[in-house]
Amino acid sequence: MIKKTFKIPDMTCSNCAMKLESLEDTLEGVKEINASYHRLEMIVEYDETKVNEDQIIAAAKKKGYQAVPV
């Protein structure tokens, strides 16, 4: 398991954070997502053998958000 931080520059409210956190239910290998509207970032803990950074970025984009790895 690794933890990776992604900047989410277009997150505008706490509902956005909840939408991003819901990605953990749809991405196999993601253990936990903590999104913070105040810091404009999400921290993803995931199994790198099941999901990769590009898949996480693509899933965020499907929800309407740009995810930039830090």
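Arginine 39 counts as partly exposed, because its relative accessibility is 49%, and the term exposed is kept for values over 50%. Please bear in mind that the model on the screen is predicted. Where does arginine 39 lie? Its place is the loop between strand 2 and strand 3. Along the sequence, arginine 39 and isoleucine 8 are 31 residues apart, yet their C-alpha atoms are 8.7 Å apart in space.

In what order do the four strands stand? The order is 2-3-1-4, the sheet is open, and the pairing is antiparallel.

I shall now go through two of the pairings. Strand 1, which covers residues 2–7, is joined to strand 4 by two bridges, and the two run antiparallel. Here lysine 7 is found opposite valine 68 of strand 4. Strand 1 is also joined to strand 3, in this case by six bridges, and again the direction is antiparallel. Within that pairing, threonine 5 has isoleucine 43 of strand 3 as its bridge partner.

Next, the helices. Which strands does helix 2 lie across? Helix 2, residues 53–62, lies across strand 1, strand 3 and strand 4, and it runs at about 135° to strand 3.

Finally, we come to the interior. As a general rule, in soluble globular proteins nonpolar side chains tend to be buried together. In this model, the largest nonpolar core has 20 residues. Which of them have the most contacts inside the core? They are Ile8, Leu20, Met42, Val44 and Ile56. At least two residues of this core come from each of helix 1, strand 2, strand 3 and helix 2.

Leaving aside residues up to four places away in sequence, valine 44 touches Ile2, Lys3, Lys4, Phe6, Val30, Glu32, Ile33 and Ile56. Among these partners, Ile56 is itself one of the core residues with the most contacts.

Conventions:
Residues numbered from 1 in each chain as written. Predicted model: local features only at pLDDT ≥ 70, side-chain atom pairs only at ≥ 80, totals over all residues. Heavy atoms only, no water. Pairing = 2+ DSSP bridges. Contact = heavy atoms within 4.5 Å. Axes fitted to C-alpha atoms, helices over the stretch in contact; angles between N-to-C directions. Core = buried A, V, L, I, M, F, W, Y, C linked by side-chain atoms within 4.5 Å. Buried < 20%, exposed > 50% of the residue type's maximum accessible area, 1.4 Å probe, protein only.
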